[in-house]
Amino acid sequence: MQDGRLSTEFANSLGQMEGMVLGTVLSFQANYYTVQLDTPHCLDTEDGAVTISTLLCTRRSRLKKVGQRVMVGDRVWIEEPDWQGQRGAIAQVLPRKTELDRPPIANATQIILVFALAEPDIEPLQLSRFLTKAESTALTVLLCLSKSDLVPQAIQESWCDRLQSWGYTPIVFSTYADHNLEAIAHHCQHQVSVISGPSGVGKSSLINHLIPDAHLRVGEVSGKLGKGRHTTRHVELFELPGTGLLADTPGFNQPDLTCAPSEVVQLFPEARQRLVAGETCQFSDCLHRDEPNCVVRGDWERYEHYLLFLDEAIAHQEATDRLRETESGFKAKTGEAGQTQYEPKLESKKYRRQSRKAQRQALQDLDIDRLMQDADLDE
Ligand code: GDP
Ligand code: ZN
């Protein structure tokens, strides 16, 4: 400020920097991004003042060259806004806080997980799968139970008590009976939310209530597997009344967990609680199965689900390791501390005949970056 110009922080706080404006990408279609401006612009026209709150933007080719993708939900700087034509160009993408794959959306903050109290009935294992998948994103998880009009109060309460013991406080609601929709809307304030859950639970009905402009078709399930129509990767963020954004496309309708075995326990709030309660397991690499003096193993309802998901995570890791071995010609070996190490497959004839020098060369050729990238993708 001393030299008479705005400091960057100060300019950022105003949402403006050297003729640039800051906004959030709401949608993408035919090479154009609709960007919601942090600070709406007031334009004087012959017909009076007009407030411009979104701009239709292209992506600067420089971004394309460096492989910088622009996603719905991205925070972006727009260059040279043409207020008259309501156009601009995206010049820079701010670092993402979160990134979801299905639907592809950046900077989401909350997952609203919807299950129906009836039609279809709640399957505890399926609910657990969705919950752990949601937990693995590190976003806030809001559990909502739909179709409260179909079940008596006592059953609603028993579900709430049961889920409380899983570490969740669900919101029971009904779009038919207009029950608790306000409460859900309230939880969406100041959030970028994505709705998830199995088919037929009322996700589209809920989205239509929260954002009347979305006009999603309700009750339309296609395909033999009962997959919803939302298999498309198109997604759009809608502004909610008040503040907050909501994705119009439900997320991951067939979740599978791909985290490391040691991370599975962190996806269960009631197990996390056992770990933070002060005590720790005897072994730092405890997988909480049959190790002595384990503080996680015990009498909690979803312990069985934990064991099942742990087995799946182990199987997934083994399959990934095998794939890497095949691709790289190196053998995955679990080190003493449980980390994965790679060594040449000496048992293979090809390597046995190789000289030491060739082996060393092969080691150097091993594309560590590529392996790391694969590991990122697997997560
Ligand atoms: P989605 O597949 O999760 O998007 O679910 P839909 O919104 O398409 O709804 C599936 C079915 O549940 C439709 O037949 C809806 O009419 C019905 N439905 C939605 N909300 C409610 C509700 O609050 N109560 C009842 N009884 N049925 C509902
Ligand atoms: Zn343990």
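Q: What makes alanine 30 worth a look in the hairpin of β2 and β3?

A: Alanine 30 takes a positive phi near 45° in this hairpin, which has two residues between the strands. Strands here are DSSP runs of E with at least two residues, and helices are runs of H or I with at least four, all numbered from the N terminus. Before we go on: this is a predicted model, in which local features need pLDDT of at least 70 and side-chain atom pairs count only at pLDDT 80 or more, while totals for chains, interfaces and linings use all residues. Residues are numbered from 1 along each chain as its sequence is written, chains are lettered from A and ligands numbered from 1 in the order in which they are written, and side-chain values use heavy atoms, with hydrogens and water left out.

Q: How do you know that β2 and β3 pair?

A: Two strands pair if DSSP finds at least two bridges between them. Six bridges join β2 (residues 20–29) to β3 (residues 32–45), so they count as paired, and they run antiparallel. Valine 25 stands opposite valine 35 in β3.

Q: What joins β3 to β4?

A: Nine bridges link β3 to β4 (residues 48–59), again in an antiparallel arrangement. A hairpin through two residues connects these strands, and histidine 41 stands opposite isoleucine 52 in β4.

Q: Are cysteine 281, cysteine 286 and histidine 288 buried or exposed?

A: Buried means under 20% relative accessible area and exposed over 50%, with partly exposed in between (1.4 Å probe, protein chains only). Cysteine 281 is buried because its value is 11%, cysteine 286 because its value is 8%, and histidine 288 because its value is 6%.

Q: What makes cysteine 42 and alanine 277 exposed?

A: Cysteine 42 has a relative accessible area of 53%, so it is exposed. Alanine 277 is exposed because it reaches 65%; its place is in the loop between α7 (269–276) and α8 (303–328).

Q: How many disulfides are there?

A: The count is zero, where a disulfide is a pair of cysteine sulfur atoms within 2.5 Å.

Q: Why is α6 called mostly covered?

A: In α6 (residues 203–210), seven of its eight residues are buried, among them Leu206, Ile207 and Leu210.

Q: How confident is the predictor in the chain?

A: The average pLDDT, the predictor's confidence in each residue from 0 to 100, is 82, and 76% of the residues score at least 70. Over residues 347–379 the pLDDT is below 50. Where pLDDT is low, the predicted coordinates should not be read in detail.

How values were computed: Contact = heavy atoms within 4.5 Å.
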